Amino acid sequence: MDGRVVRLSEADAEQAGAVLARAFPDDPFHVYLFPDPDERDRMWLALYTAGVRFGCLYGESWAVTDPAGEALAAVAYGFPMPGGEFTPERMERSGLAAVADLWGTRDWQRFETALAAIEAAKRQLVATPHWYL
């Protein structure tokens, strides 16, 4: 790939979120939460956009551009732990609170329940400290 690595800003969050949403259209976790493809695209776009914004604000968000340097071809974001905690204030500022509202109580609770199960499995199976991207 002839693109370049760039650090993202909040202004890049929507474009970066779209890259991530397009990367995982049939991911089993995505399908589990939203079986309808149109709804799935809309809901995960909102989550990934807010996630990238959270990364810009409280961690790091990076991308690789296409060879022309005009579009994003790949995206990654992460948060330091400790330091990247999801407080109510941070959720609000990043847009994650709005995603929870968009998804609705039932779907957001399913999402949180699934994430809790994943975290429990990681605590049992993955040595700490570690980075998960």
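# Chat about a predicted model

Q: Where does Y58 lie?
A: Y58 is part of helix α3. Helices here are DSSP runs of H or I with at least four residues, strands are runs of E with at least two, and both are numbered from the N terminus.

Q: What kind of model is it, and how are residues numbered?
A: The model is predicted, so local features need pLDDT of at least 70 and side-chain atom pairs count only at pLDDT 80 or more, while totals for chains, interfaces and linings use all residues. Residues are numbered from 1 along each chain as its sequence is written, and side-chain values use heavy atoms, leaving out hydrogens and water.

Q: OK. Is Y58 buried or exposed?
A: Y58 counts as buried, because its relative accessibility is 17% (buried is under 20% relative accessible area, exposed over 50%, partly exposed in between, with a 1.4 Å probe and protein chains only).

Q: Which residues is Y58 in contact with, leaving aside its neighbours within four places in sequence?
A: They are F79, P80, G83, G84, R90 and R93. Contact means heavy atoms within 4.5 Å.

Q: And how far apart are Y58 and T105?
A: In sequence they are separated by 47 residues, and in space by 25 Å, C-alpha to C-alpha.

Q: Switching to α1. At what angle do α1 and α3 pack?
A: At about 125°, with the axes of α1 (residues 13-23) and α3 (residues 37-58) 7 Å apart. Axes are lines fitted to C-alpha atoms, for helices over the stretch in contact, and angles run from 0 to 180 degrees between N-to-C directions.

Q: What is that arrangement called?
A: α1 and α3 are therefore oblique to each other (under 35 degrees is roughly parallel, over 145 roughly antiparallel, 65 to 115 roughly perpendicular, the rest oblique).

Q: Which residues make the contact?
A: From α1 there are A13, E14, A16, G17, A18, L20 and A21, and from α3 there are W44, L45, Y48, T49, V52 and R53.

Q: Which residues of α1 are buried?
A: A13, A16, G17, A18, V19, L20 and A21. The buried residues of α1 pack against α3 and β3.

Q: Now the sheet. What is the strand order?
A: Three strands make an open sheet in the order β1-β2-β3, and the pairing is antiparallel. Strands pair if DSSP finds at least two bridges between them.

Q: Why is one side of β1 and of β3 left without a neighbour?
A: β1 (5-7) and β3 stand at the edges and each has a single partner strand, so one side of each has no neighbour in the sheet.

Q: What about the hairpin of β2 and β3?
A: It has six residues between the strands, and G69 takes a positive phi near 75°. A68 lies in the loop between β2 and β3, and with a relative accessible area of 56%, A68 is exposed.

Q: Last one: how do α5 and α6 cross?
A: The axes of α5 (residues 96-103) and α6 (residues 105-125) cross at roughly 120° and come within 6 Å. α5 and α6 are therefore oblique to each other. L96, V99, A100 and W103 of α5 make the contact with T105, D107, W108 and F111 of α6.
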